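User: I would like to go through a model and ask what stands behind some of the terms used for it. Please set each value against its cut-off.

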Amino acid sequence: MTGEGLLVDGISKSYGPTNALTDVSLAIRPGRVTALIGHNGAGKSTLLRSLSGAEVPDSGSIRIDGAAQSFTGPRDASTAGIACVYQELSLVDQLTVAQNIFLGQEQVAGGVLSRRQMNRRADELCAEYGITARATDLISSLPVAQRQMVEVARAINQKAKYILLDEPTTALEEQQVEHLLGIVRRLVDEQGIGVLLVDHKLDEVFAVADHIIGLSGGRVVLDGSVEDVDRAAVIEAIVGDHGSGPVDTAAVAAIVGDGLGETSLDSVETVSEAARAREFGAPVLEAAGLSGNNLHGVDLTVHAGEILGIYGLVGSGRTRFLRTVYGAFPLAEGSLTLLGQPFRPKSPAQAIKAGVAFLSEERKFDGFVPQMSSIENVVLPVLGKYIRGGVLRWRALKGSADDVLSQVSIRGQVSAPITSLSGGNQQKALFARATLQAPLLLLLDEPTKGVDIGAKREIYGIIRTLAAEKNVAVIVVSSEEEELTELADSIAVFRGGACDGVVYPRSSVTAAQLRELAWADASPALPAT
Amino acid sequence: MTDTTTARKPPTSKNSEVHVKKRRLPDETGIFIVLVAVLLVFSILSPNFRTIDNGFTLLVNGTVIGFLALGQTFVLLTGGIDLSTGANIAMSGVLVALVMQAGVPWPAAMLIALIAATSLGVLNGLLIHYVRIPPFIATFSTQGVALAIPLIITGANSIQVRDIGFSWIGQGRIAGVPLPVLLLLVAAVIAGLWLRMTRQGVHVYALGGNKNAARLAGVNIARTTILVYAISGFCGGMGGMIVTSRLMVGFPATGTGNELFYSIAAAVVGGISLFGGVGTVLGAMIGAVLIAAVSNGMNVLSVQSYWQSLVIGVIILVGVSFDTLRRSRAGRPVFAKRPAAGTPSLPSSTTPSKS
């Protein structure tokens with residue numbers, strides 16, 4: 001590939017056995033908005049990081065206007081004219097708008113900062129791009145939407161020729177979205193900048209983009225001009241199961257005429273509450289209208305002995321729901337009942353006491369205490385049950401810990417710091433901890449994240465045993481559709497912080513359908529219903 | 001890594017006992033060897049150092065640092081720091097003298113002063129947990145307050161203690177052993193056992209090891225935080241009682257010197273990690289004796305007192321460097337302790353944690 005633009009040619013990147021990107025080629029042309037869409041784990045972030053120099057691809061090349069680039073760090077990319085605006089903004093809150101815009105490229109006259117000149121230029125940029133803030137305002141005093149614009153202004157000021165925007169609209173209100181998209185358009189039309197826009201919302205994509213690229217499973221599955229593809233084609237491309245190679249856009253457009261998008265969800269069956277109650281035990285947890293903390297109404301029931309899977313896009317409220325039930329987040333509105341009794345845990349300690357166990361998604365961040373041994377980590381939540389005369393019965397504690405740890409077949413020394421175990425064994429140790437708690441309800445957030453395939457099988461076995469033999473009600477949140485269709489008895493879908501309580505039996509729903517269900521809200525104009 | 005195809009016998013407790021047999025040296029071995037070496041060197045250099053009398057003097061002088069180090073141990077284990085303990089000596093020491101001056105019998109006066117000292121600790125805990133002031137700033141501020149109060153009340157004059165009974169605390173002996181030494185010994189044993197044998201004690205380690213994980217495992221963060229600062233406050237108060245009782249004067253300018261500095265040094269060289277979650281009371285107490293020995297030995301050898309701070313500063317640097325290196329050497333504990341069967345212990349980790 002030659003010619004003008006930011007050209008990506010056949011880049012691949014893998015993390016261990018996972019191929020995050022496989023032979024990805026695409027072009028970001030100046031004066032065009034290229035939208036990048038894809039599902040959780042489709043490789044969007046890896047692609048962005050590769051383009052912005054934060055990640056070095058294993059193979060393939062990146063060229064800008066014909067010149068080959070090899071980025072070894074973000075600085076190289078920005079020197080080459082690429083600016084990336086991530087969701088987590090990289091502004092310094094304590095500095096002013098102008099200071100941020102000029103950060104690292106301060107204008108100096110005779111060793112002294114030309115403060116006035118920089119402020120004037122910053123004010124010009126603000127006026128030009130509809131930022132209501134002044135150059136001397138602190139970033140910390142600005143709303144999120146404005147901060148995002150400041151970051152864009154910084155990119156413009158630094159003469160970026162290509163701007164990568166990572167889901168810039170997720171935190172914005174409708175009006176602000178319009179404003180931002182308007183500015184994106186102007187950047188492209190007036191300044192001839194090439195924009196890569198990562199976005200979940202198809203409405204926005206179709207409103208602003210010239211070109212659409214779909215990623216799925218680390219491969220480009222859609223690459224076409226916005227005139228050539230429609231929503232159905234886009235959804236089909238990114239949620240469908242693909243072998244390899246991009247979808248022929250002309251062919252997709254032809255298929256869409258047959259209403260492909262409509263039929264795919266028609267075969268999905270739902271299962272009624274009554275049927276689930278018959279198949280499993282009594283309801284253990286019932287959530288009704290759970291709101292607050294970015295949840296917008298969650299209705300959900302899980303029964304004794306049932307493994308209920310929760311599916312949804314990242315940020316759809318799955319983790320917040322689990323943590324709210326566990327008492328780690330306060331419950332604002334709505335009701336929770338546990339075994340028919342009202343349940344309002346104010347802290348994890350209370351939830352544990354009520355019989356709820358939880359495994360965090362981020363083991364290292366809030367799963368275990370690294371300095372402690374596996375045994376100590378396992379017994380931590382149940383110490384209160386092993387006290388005689390105020391003194392811990394360590395012998396009994398250790399006996400119980402050894403028991404549950406051997407049930408999950410830990411490989412490694414259980415009396416050494418838990419960090420000496422492999423990721424899979426650490427996770428199994430935390431399952432041993434949950435087993436020891438003898439919970440009514442077990443909440444699992446991405447239970448097989450970062451574990452190898454062997455440990456994954458074992459973890460599925462542990463979860464099934466807990467549900468089948470101990471009659472534990474299990475809620476599993478997962479981003480892997482296959483994990484849910486394999487493990488869960490029933491599956492519910494979260495969208496935009498809400499869950500309608502509709503439950504699909506695993507036998508009737510496919511991975512592709514799950515993905516489509518999760519996108520339903522994000523793309524309101526889904527094939528006529 | 002893991003293997004599912006072969007059904008391997010899961011490790012049992014027997015398995016871990018095998019491994020316990022090759023038990024390594026306890027954490028405290030290193031610092032203990034250093035202590036013995038220091039004592040030997042001073043004994044060789046000075047005949048006066050190696051007398052029993054001087055031994056007791058060393059220990060009695062060390063008790064105040066020892067108490068502060070004991071309190072500091074709890075706070076450091078949670079990953080915090082208490083800069084107000086030195087000031088607490090002055091506050092409680094003057095307060096007990098004032099209360100006795102008002103005619104209150106010494107045991108009641110002591111109780112009042114100790115409650116006040118503990119309250120200062122509780123205040124630290126409240127500021128740190130609820131107001132979310134970083135421990136360094138919170139205790140730095142209360143230190144200033146606690147130092148000023150006795151100076152303001154007394155106009156910087158010392159307060160004589162006339163209740164002879166009170167002198168027993170700092171000057172009494174039981175079976176020839178000075179009472180302050182016994183008090184510290186008892187307190188240290190209780191503290192050591194409490195940390196190992198009670199639920200709340202384990203929670204202290206969990207909080208310091210990983211606050212987020214501890215919370216999700218049901219640890220009451222508020223209670224644990226407030227408790228450790230309260231304990232540190234109480235220990236500061238004990239230091240104040242001993243100082244005032246030994247001098248029989250409530251001296252508003254005590255605790256402004258090196259006590260705080262030495263107590264942190266004692267805990268740190270004793271293996272208490274400044275990053276939280278690692279260390280034992282025994283280690284901290286050996287550290288306190290080491291600091292006291294260095295201080296006493298240099299006095300006996302008539303080294304200019306200016307040198308003491310320098311030497312102890314170097315000791316802190318060595319201790320902290322050791323701690324930091326130990327943490328950064330992933331998977332390779334330097335003096336990691338392996339728990340014996342049935343005996344809980346908290347092995348030192350070597351993996352940096354996001355704390």
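Analyst: This is a predicted model. A place to start is Asp210(A), which sits in the loop between α7 (202-208) and β11 (211-216) of chain A.

User: Why is Asp210(A) called buried?

Analyst: The relative accessible area of Asp210(A) is 15%. Buried means under 20%, so Asp210(A) is buried.

User: Which residues is Asp210(A) in contact with, leaving aside its neighbours within four places in sequence?

Analyst: They are Gly31(A), Arg32(A), Val33(A), Arg185(A), Ser225(A) and Val226(A). Contact here means heavy atoms within 4.5 Å.

User: How many cavities of 30 Å³ or more does the structure hold, and what is the volume of the largest cavity?

Analyst: There are seven such cavities, and the largest has a volume of about 110 Å³. Its lining has 14 residues, and those closest to the centre are Phe358(A), Leu359(A), Gly367(A), Arg433(A) and Leu216(B). Two or more lining residues come from each of β18 (356-359), α14 (363-367) and α17 (423-436) of chain A. The largest share, three residues, is from α17(A).

User: How does the lining of the largest cavity divide into nonpolar, polar and charged residues?

Analyst: Nine residues of that lining are nonpolar, three polar and two charged.

Note on methods. Residues are numbered from 1 along each chain as its sequence is written. Chains are lettered from A and ligands numbered from 1 in the order in which they are written. This is a predicted model: local features need pLDDT of at least 70, side-chain atom pairs count only at pLDDT 80 or more; totals for chains, interfaces and linings use all residues. Side-chain values use heavy atoms; hydrogens and water are left out. On a 1 Å grid over the protein atoms alone, a cavity is a set of points where a 1.4 Å probe fits but cannot get out, and a pocket is an open set with protein on both sides within 12 Å along at least five of seven lines; lining residues have an atom within 4 Å of a point. Grid points are joined across faces, edges and corners, and a volume is the space filled by probe spheres set on the points. Helices (H or I, at least four residues) and strands (E, at least two) are DSSP runs, numbered from the N terminus. Ala, Val, Leu, Ile, Met, Phe, Trp, Tyr, Cys and Pro count as nonpolar, Asp, Glu, Lys and Arg as charged, and the others, Gly among them, as polar. Buried means under 20% relative accessible area, exposed over 50%, partly exposed in between (1.4 Å probe, protein chains only).
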